[in-house]
Amino acid sequence: MVIKDFTPMAGTTQWESPSNIALVKYWGKMGNQIPRNPSVSFTLQNCVTRTQIDWFEKKGNSSELDFYFEGKLKPSFGQRIQKLIATIAEQNTVLNQYSFRISSTNTFPHSSGIASSASAMSACAAGIIDMLRQIREAQDSNPWDEDYFKQQISFYSRLGSGSACRSIYPNAALWGEVSPDLGSNLWATPLDHLLHDDFRQYQDAIVIVDDSTKSVSSTMGHGLMNQHVFSKIRFEEGLRNTETMLNILRTGDISSFIDIVEREALQLHAMMMTSNPSYILIKPNTLAIIEKIRQYRQDSNVPLCFTLDAGPNVHILYPFAFRDKVKEFIETEIIELNPKMNWIADEMGLGTKQI
Ligand code: DP6
């Protein structure tokens, strides 16, 4: 290995990372962001965060991070990013030599109520890990292995926000240990290679039932699982459902997919409703949409189903072939519940990428 005595004084990198939607939910954690059960998600395509990181050699007491969101300086949004950089710097002290200017934008409205921590944290982790790669490669000229690079991004994304570690990989990802030789609690595992063709290009229509900010943060919700009366059963169920989901994704069994995805969504909210203190995050229209989806599925045989994250918005998942029918269903039957509701047409995507 040729060691050059050279550390770049400044540099830049730009990354895009998507949100993801969990099919089997991560709800409950221990230690340093270790999930209490494994989870599986589809990676999205259109709901993404784009982040540019510029770094400069630190001078005196100059600010270490200026964080801009949608072009405006937002120190409060930058706190979580600052914490993530500090975490990465624990193992990579070279970061302490630099100041940062980070500019982020989302393709989806910030106020849409769509969880943005997965896309935001993974885009930022990708940028910082790429910065480290650039610095190291300038020093020793050894190119990084691509799989190792992605695993590092996933590892540090997880420390920023658990679900973010799944956004790195195309189409579908697993996070959490299923058995000693399958899955890891430290980073996500790509699932694209096992996906049945019927699950390719799967669609996700996100109906924004309520665009206000969440009344309970995910982190607090996870905490409530520590004393929850149903926690043991839930964690066992999360593991079992992950095992079944992996088989479903392999075999293309869409009716079992629908069954697990909907029960996982309802179980997540059942946990919130029965925690102490308890939270009801669904709204009357969340329930109305769920009923409409089930009725439409029964009447039309279109294999659509719903899932929810920790909020009132409804994700409608369905195969690509039914795109026109589902669009018509949403525009006629769903939006009529409240014509002010918006919806976002999303679908499976390719994961974190450099732009
Ligand atoms: C309901 O990943 O947002 O979306 O690790 O505390 O940042 P932190 O939590 P977060 O939790 C996501 C919860 C969920 C389910 C899921 O995505 O698996």
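Which residues of helix 8 (residues 323-334) are buried? In this predicted model, the buried ones are V326, F329, I330 and I334. They span an arc of only 100° around the axis, so they sit on the same side of helix 8. Turn to the face pointing away from that buried side and you find D324 and E328, which are exposed.

Two packed helices are described by the angle between their axes and the distance between the axes. Here is how the two pairs look:

| Pair | Crossing angle | Axis distance |
|---|---|---|
| Helix 1 (residues 75-91) and helix 3 (residues 146-160) | roughly 130° | within 9 Å |
| Helix 2 (residues 117-140) and helix 3 | about 135° | 8 Å |

Take helix 1 with helix 3 to start: the axes cross at roughly 130°, which makes helix 1 oblique to helix 3. Helix 1 passes helix 3 in a right-handed crossing. On the helix 1 side, the contact is built from R80, L84, T87, I88 and Q91, while helix 3 brings Y156, L159 and G160. Sorted by class, the residues of this contact come out as 4 nonpolar, 3 polar and 1 charged.

Then there's helix 2. With helix 2 and helix 3 packing at an angle of about 135°, helix 2 is therefore oblique to helix 3. The crossing of helix 2 past helix 3 is right-handed. Helix 2 puts in M121, S122, A125, A126, I129, D130 and R133, and helix 3 answers with E146, F149, Q152, I153, Y156, S157 and G160. The class count for this contact is 7 nonpolar, 4 polar and 3 charged residues.

Last stop, G11. Where does G11 lie? G11 belongs to strand 1 (residues 10-24). Leaving aside residues up to four places away in sequence, G11 touches I53, D54 and W55. W187 is another matter: G11 and W187 are 176 residues apart along the chain, and their C-alpha atoms are separated by 27 Å.

Conventions. Residues are numbered from 1 along each chain as its sequence is written. This is a predicted model: local features need pLDDT of at least 70, side-chain atom pairs count only at pLDDT 80 or more; totals for chains, interfaces and linings use all residues. Side-chain values use heavy atoms; hydrogens and water are left out. Axes are lines fitted to C-alpha atoms, for helices over the stretch in contact, and angles run from 0 to 180 degrees between N-to-C directions. Helices (H or I, at least four residues) and strands (E, at least two) are DSSP runs, numbered from the N terminus. Angles under 35 degrees count as roughly parallel, over 145 as roughly antiparallel, 65 to 115 as roughly perpendicular and the rest as oblique. A crossing is left-handed if the near helix is turned anticlockwise from the far one by less than a right angle, and right-handed if clockwise. Contact means heavy atoms within 4.5 Å. Ala, Val, Leu, Ile, Met, Phe, Trp, Tyr, Cys and Pro count as nonpolar, Asp, Glu, Lys and Arg as charged, and the others, Gly among them, as polar. Buried means under 20% relative accessible area, exposed over 50%, partly exposed in between (1.4 Å probe, protein chains only). The arc is that of the directions from the helix axis to the C-beta atoms.
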